[in-house]
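Subject: Structure handover

Hello,

Here is the structure for you to look through. My notes follow below it.

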Amino acid sequence: MASHDGKPLSGQVALVTGAGRGLGRAFAEKLAALGADVSIHGMRENGPAEYGEGTTLTAVAAEVGRSFGVRTCRVLGDLTKGEDISRVIAETEAALGPIHILVHNAGGDIAAAGGKPDPNDAVNIREADVRAVLERNLLSTILTCQAVAKAMMERRRGRIVTLGSVAAFKGRTNGSIYAVAKAGVTHYTRCLADQLRAYDIAVNCIAPGDTRTGRFLGTRAVDPDRMVETGTLDRIATVDEVARVVEFFAGPMGAFVSGQVLRIDGGGQAWPA
């Protein structure tokens with residue numbers, strides 16, 4: 001669709017999952033700045049306040065719309081459940097129209113009862129936490145992409161961006177199930193890209209390394225030397241440095257790029273995926 005105000009995504013509708021704070025909000029703001037109308041999804045209305053990055057999901061949606069002059073809506077749902085996904089899509093379409101761009105950001109290394117799994121290694125992590133991490137990351141990606149892709153296939157148009165992690169590309173004792181889930185997300189993205197080629201739908205995965213979100217900074221000790229923003233790539237990314245890659249995959253420059261995973265880690269993993 002041609003833009004009418006010089007913004008490349010004007011007239012398009014984006015659904016960003018897990019968009020209340022952190023990277024998800026940065027993705028939503030980046031797409032809105034490019035002219036897209038944005039559906040702001042979250043699992044909880046008060047989620048943005050959990051790490052001090054906002055108040056409510058409703059307020060975030062209003063702020064994004066006001067700041068960038070686009071239409072927004074706020075949708076709540078548990079994306080491990082098909083019925084919730086169907087409702088999130090229906091509410092988005094009712095408020096904004098058909099979805100042209102999906103950025104499936106929802107996920108995280110989060111235990112069944114909240115917080116990080118403890119223990120969190122390959123052998124001792126509890127079964128409930130194994131299921132929670134796999135469902136929150138891999139299952140939600142598969143189910144959400146399936147639901148959104150079907151309508152995109154009918155229209156023969158769309159972009160899908162999934163969220164992997166650099167954790168997916170190296171064996172690790174700690175956070176191992178999260179790493180396994182993100183490895184699954186990476187390969188599901190490739191499989192989906194293969195199926196959707198004939199429909200002119202590009203599907204790609206971004207794999208961030210350490211990024212200075214509220215949750216990241218609030219759940220671990222951080223080396224202050226890695227909080228610089230210039231002079232070295234051996235540092236923690238800003239959220240905007242990750243969000244810029246979504247601009248590439250969702251915008252005109254990414255039209256013929258599909259089935260790819262792009263690590264955004266300043267070269268911290270300089271080996272094949």
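First, a term: buried means under 20% relative accessible area, exposed means over 50%, and partly exposed is in between (1.4 Å probe, protein chains only). This is a predicted model, where local features need pLDDT of at least 70, side-chain atom pairs count only at pLDDT 80 or more, and totals for chains, interfaces and linings use all residues. Residues are numbered from 1 along each chain as its sequence is written, and side-chain values use heavy atoms, with hydrogens and water left out.

Two loop residues

N174 sits in the loop between β5 (158-163) and α5 (176-196). Helices (H or I, at least four residues) and strands (E, at least two) are DSSP runs, numbered from the N terminus. N174 is exposed, because its relative accessibility is 51%. Beyond its neighbours within four places in sequence, N174 is in contact with N120 and D121; contact means heavy atoms within 4.5 Å. A122 is 52 residues from N174 along the chain, yet their C-alpha atoms are separated by 7.0 Å.

G209 lies in the loop between β6 (201-208) and α6 (214-218). G209 counts as buried, because its relative accessibility is 15%. Its contacts, leaving aside neighbours within four places in sequence, are V166, I264 and D265. L192 is 17 residues from G209 in sequence, and the two are 23 Å apart in space, C-alpha to C-alpha.

T92 belongs to helix α3 (residues 82-96). Buried or exposed? T92 is buried, because its relative accessible area is 0%. Not counting residues up to four places away in sequence, T92 touches V13, L15, S39, C73, V75, G97 and I99.

α3 also packs on another helix. The axes of α3 and helix α4 (residues 127-155) come within 10 Å and cross at roughly 40°. Axes are lines fitted to C-alpha atoms, for helices over the stretch in contact, and angles run from 0 to 180 degrees between N-to-C directions. α3 and α4 are therefore oblique to each other. For the cut-offs: under 35 degrees is roughly parallel, over 145 roughly antiparallel, 65 to 115 roughly perpendicular, and the rest oblique. From α3, G82, I85 and I89 meet L143, T144, A147 and V148 of α4. The residues of this contact divide into five nonpolar, two polar and no charged. Here Ala, Val, Leu, Ile, Met, Phe, Trp, Tyr, Cys and Pro count as nonpolar, Asp, Glu, Lys and Arg as charged, and the others, Gly among them, as polar.

Helices α1 and α7

Helix α1 (residues 22-33) packs with helix α7 (residues 239-250) at an angle of about 50°, their axes 9 Å apart. α1 and α7 are therefore oblique to each other. α1 contributes G22, L23, A26, F27, K30 and L31 to the contact. α7 contributes V239, D240, V242, A243, R244, V246, E247 and A250. The residues divide into nine nonpolar, one polar and four charged.

The aromatic pair

How many aromatic pairs does a search of the whole structure find? It finds one. F248 and F249 form that pair, which is tilted, at 5.5 Å centre to centre with 50° between the planes. Rings of Phe, Tyr and Trp (its six-membered ring) pair if their centres lie within 6.5 Å; planes under 30 degrees apart count as stacked, over 60 as edge-to-face and the rest as tilted. F248 is partly exposed, because its relative accessible area is 26%. F249 counts as buried, at 2% relative accessibility.

Best wishes
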